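Here are some exercises to work through with the model open beside you. Try each task yourself before you read its solution.

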Amino acid sequence: MGNVSNRKEYFKKIVLRQVLKLILGRSKRSLKVIVTLFEFIVPKKDKNLYKSIKNDLSEDKPQIQLYQFYRRLLVKSNPNFSDKILANLLIQGAFLNQKKRDIAYEEGSRVPTTILISPTMRCNLSCIGCYAASYTRSDDLEFELIDRIIQEGKEAGVAFFTILGGEPFIRDDMFRIYQKHSDAAFLVFTNGTLIDNKVANKLAQLGNILPTLSIEGFEEETDQRRGKGVYKKVLKAMEILKKRKIPFGYSTAVTRKNIKTATSDKFVDMMIEKGAAIGWYFLYTPIGKNPDLSLMPTPSERLYLKERRGYIRKNKPLFVIDFWNDAPYVGGCIAAKHYIHINHRGDVEPCIFTHFAQVNIKNTSLKEVMNCQFFKEIRKRQPYSDNLYLPCMLIDHPEVSRGLYKNCNIYPTHDGAECLFSGIAKGLDEYSEGVKDIYADVWTKEKELFCKKENPSKNGGV
């Protein structure tokens, strides 16, 4: 039976790949056909994101930005990459793995959309406010353990893995991982300074890696946070990638110092010209040993980011992701549900910004991880309020994270992580109240755009 099932899956892959190749990139109408096909396989709990894509493609505009984005990513890019995206993300991830995810959901568990892995916390830079700086720089994850995590993930239904750190390209052996698991897709967050011709050639050859380069704006903003000369190194890396038609993204930590610059037309147009296909915007989150609340964008600046994100999506051939303001599309907080983070020592955290764990992957299976008490309790509370623009249990609902820390048997994954509940607690309370005031009217006006929220117990699968 196993061989018969494997053969059926193999032929499904072949057929789906040929169909997608035939219709992809022909016209706006053809892309809509793909999106319509996805309507039949997207779970109810993920309909918001599907509706957003469908609405964007349905708008009558002289320039079809989302269509241009897909063409850049899947048609005009390095053939190895576009082929792997079709096979690994669309065919395996979206179509063939859905049955595995449905089974896990019916059993009261979850299969994350992506597993974040930090193979190392070693880095050649020392950026201001970096969440990774609080971890030790030793204790890299063993090659065999990384291999096991990815294999377990694939068997569970995960086709997409996010690699970060530290600086991922410090570990050259990770290319053996990417090659061994050529049937998976990898999003690699990097500072970009180690991408040279040799690294780029490997990326072009493998085709299943999408690098995302950190940049904080122009030279002044980037070098101020990351060190003198880093900006020019990042732009050089982008040129190397563009020359080889390797799709890449950029990532910006949004602070009070760079929010206007990093979302400006001038900066975004430069990123497009350099070859970026995706832009990630993450709010600076005050975590680590010495968090600086003054770097946090104010509540009104956070709303400004939402407005700029909407403008960029409608007017630029670039797909931007605003990690906080896009929360309504995925039902609020996705920690312990749609993604998890495994740090360099194997501690499994619910979120890249939540530095607490209950289990370690070294002595726990992935299935056991998803069913640990800590993760179940998080899912039970999601979403933390009716306003899905307030998704975070650290900065929007700090009382939630404090309650979990008090009542769950969890431990901090680095020294100083507990400062969230002591030293800066008052500041976070003030910030959360300000955000609630700013976003109350926004949610009242926009909540009808999103599906009704799920029953919390069903949403969490507990």
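**Exercise 1. Decide whether Lys202 is buried, exposed or partly exposed, and find what Lys202 touches.**

Step 1. Lys202 has a relative accessibility of 23%, so Lys202 counts as partly exposed. The cut-offs are these: buried means under 20% relative accessible area, exposed means over 50%, and partly exposed lies in between (1.4 Å probe, protein chains only).

Step 2. Locate Lys202 in helix α9, residues 197-206. Helices (H or I, at least four residues) and strands (E, at least two) are DSSP runs, numbered from the N terminus.

Step 3. Leaving aside residues up to four places away in sequence, Lys202 touches Asp172 and Phe175; contact means heavy atoms within 4.5 Å.

Before you go on, two notes on the source. This is a predicted model, in which local features need pLDDT of at least 70 and side-chain atom pairs count only at pLDDT 80 or more, while totals for chains, interfaces and linings use all residues. Residues are numbered from 1 along each chain as its sequence is written, and side-chain values use heavy atoms, with hydrogens and water left out.

**Exercise 2. Which residues of the largest nonpolar core touch the most other members?**

Step 1. Start from the term: a nonpolar core is a set of buried Ala, Val, Leu, Ile, Met, Phe, Trp, Tyr and Cys residues joined through side-chain atoms within 4.5 Å.

Step 2. The largest such core holds 130 residues, and Tyr178 and Tyr250 touch the most other members. Helix α11 (residues 230-243) gives the most to this core, with eight residues.

Step 3. Look at Tyr178 closely: not counting residues up to four places away in sequence, Tyr178 touches Ile163, Phe186, Val188, Leu206, Asn208 and Ile209.

**Exercise 3. How many aromatic pairs are there in the whole structure, and what links Tyr250 to Tyr281?**

Step 1. Rings of Phe, Tyr and Trp (its six-membered ring) pair if their centres lie within 6.5 Å; planes under 30 degrees apart count as stacked, over 60 as edge-to-face and the rest as tilted.

Step 2. A search of the whole structure finds 24 aromatic pairs. One of them joins Tyr250 and Tyr281, which are 5.8 Å apart centre to centre with 90° between the planes, an edge-to-face pair.

Step 3. Tyr250 is in strand β5 (residues 248-254) and Tyr281 in strand β6 (residues 276-283), so the pair ties together parts 31 residues apart in sequence.

Step 4. Check burial: Tyr250 is buried at 0% relative accessible area, and Tyr281 is buried at 3%.

Step 5. Compare the ring pair of Tyr389 and Trp443: the centres are 5.8 Å apart and the planes are at 85°, so this pair is edge-to-face. Tyr389 is in the loop between α16 (373-381) and α17 (398-407), Trp443 is in helix α18 (residues 425-446), and the two are 54 residues apart. Both Tyr389 and Trp443 are buried.

**Exercise 4. Where is the kink in α18 centred, and what do the buried residues of α18 pack against?**

Step 1. The kink is about 40° and is centred on Tyr439. The bend at a residue is the angle between axes fitted to the seven residues ending there and the seven starting there.

Step 2. Among the buried residues of α18 are Leu428, Tyr431, Val435, Tyr439 and Trp443.

Step 3. The buried residues of α18 pack against β6, α14 (299-315) and α17.
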